[in-house]
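Please keep the sequence and the 3D view open as you read.

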Amino acid sequence: MTKITRRAAAIGAVSGLLLAAACGNGVGTNGAAEIDGRVTQAMNYLDNNFPATRDLKDRATGVLVMPVVTEAGLGLGGSYGRGALQVNGASVDYYSATQATWGLQVGAKQYSHVLYFMTEDALREFRESNGWAAGAEVAAVFLNDGENLAADTTTVLSPVVAVVFGEAGAHLGATLEGTKYTRIIP
């Protein structure tokens, strides 16, 4: 049996409060319509600011759009967001993205990310799973304003390409690896 110290419990509680306080991640919204509206805004932002992502979208068999993910931590931390899986430009399923972290971290931020499923097998595996976790098979690209997406060998050959963009706030140690995606009913 593991004992939890008061300090660990306090750090966990503060981390949870930070995560909940950094609203705007879709919690308590009007369901599918709200998520779809945010997905449309996120994709329009990508199309207008990073035109090279259009090629990824056109070649992908499916696109999971997480328009707002809130991440917070103070020793212990986590992230949460909701989004939609689109096939041929239409939402077919809705997902949550969650991640728990520990270690040297402090702060809170929000960001968006899109997973481009480049093969039918990758999309099928994602849709058939009872909670898919991002791992080494995901090639991640982090975009800042004014940057261009560079298609290198990793992104061209990867079954899943993740594009992270629109970061706001300050939080050290961000990664998609270990993020768990679970189908939800909004």
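Predicted model: local features only at pLDDT ≥ 70, side-chain atom pairs only at ≥ 80, totals over all residues.

Residues are numbered from 1 along each chain as its sequence is written, and side-chain values use heavy atoms, with hydrogens and water left out.

**Aromatic pairs**

Rings of Phe, Tyr and Trp (its six-membered ring) are taken as a pair if their centres lie within 6.5 Å; planes under 30 degrees apart are stacked, over 60 edge-to-face, and the rest tilted. By this rule the count is 8 aromatic pairs.

| Pair | Distance between ring centres | Angle between planes | Class |
|---|---|---|---|
| F117 and W132 | 6.0 Å | 65° | edge-to-face |
| F126 and W132 | 5.2 Å | 80° | edge-to-face |

Helices (H or I, at least four residues) and strands (E, at least two) are DSSP runs, numbered from the N terminus. F117 belongs to strand β2 (residues 90–117) and W132 to strand β3 (residues 132–133), so their pair ties together parts that are 15 residues apart in sequence. Buried means under 20% relative accessible area, exposed over 50%, and partly exposed in between (1.4 Å probe, protein chains only). F117 is buried at a relative accessible area of 0%, and W132 is buried at 6%. F126 is buried as well. Ring pairs join Y95, F117, F126, W132 and Y181 into a cluster.

In soluble globular proteins, nonpolar side chains tend to be buried together. A nonpolar core here is a set of buried Ala, Val, Leu, Ile, Met, Phe, Trp, Tyr and Cys residues joined through side-chain atoms within 4.5 Å. The largest one has 20 residues, and L64, L115, F117, F126, W132 and Y181 have the most contacts inside it. At least two residues each come from β1, β2, α4 and β5 (160–171), with β2 giving the largest share, 5 residues.

In helix α4 (residues 120–128), A122, L123 and F126 are buried. Seen down the axis of α4, the buried residues fall within an arc of 95° (taken from the directions from the helix axis to the C-beta atoms), so they line one face of the helix. The face turned away from the buried side of α4 carries the exposed residues E120, D121 and E128.

**The largest pocket**

Which residues line the largest pocket? They are M43, K57, D58, A60, T61, G62, V63, Q86, V87, N88 and G89. Among the elements that give two or more residues to this lining are α3 (53–59) and β1 (62–87), and β1 gives the most, with 4 residues.

**Two single residues**

N88, one of the residues of the pocket lining, is found in the loop between β1 and β2. N88 counts as exposed, at 81% relative accessibility. Its phi is near 55°, a positive value in a residue other than glycine.

A84, by contrast, counts as buried at 0% relative accessibility and is found in strand β1. A84 and P67 are 17 residues apart in sequence and 8.8 Å apart in space, C-alpha to C-alpha.

Notes: 1 Å grid on protein atoms, 1.4 Å probe; cavity = no way out; pocket = protein on both sides within 12 Å on 5 of 7 lines; lining within 4 Å.
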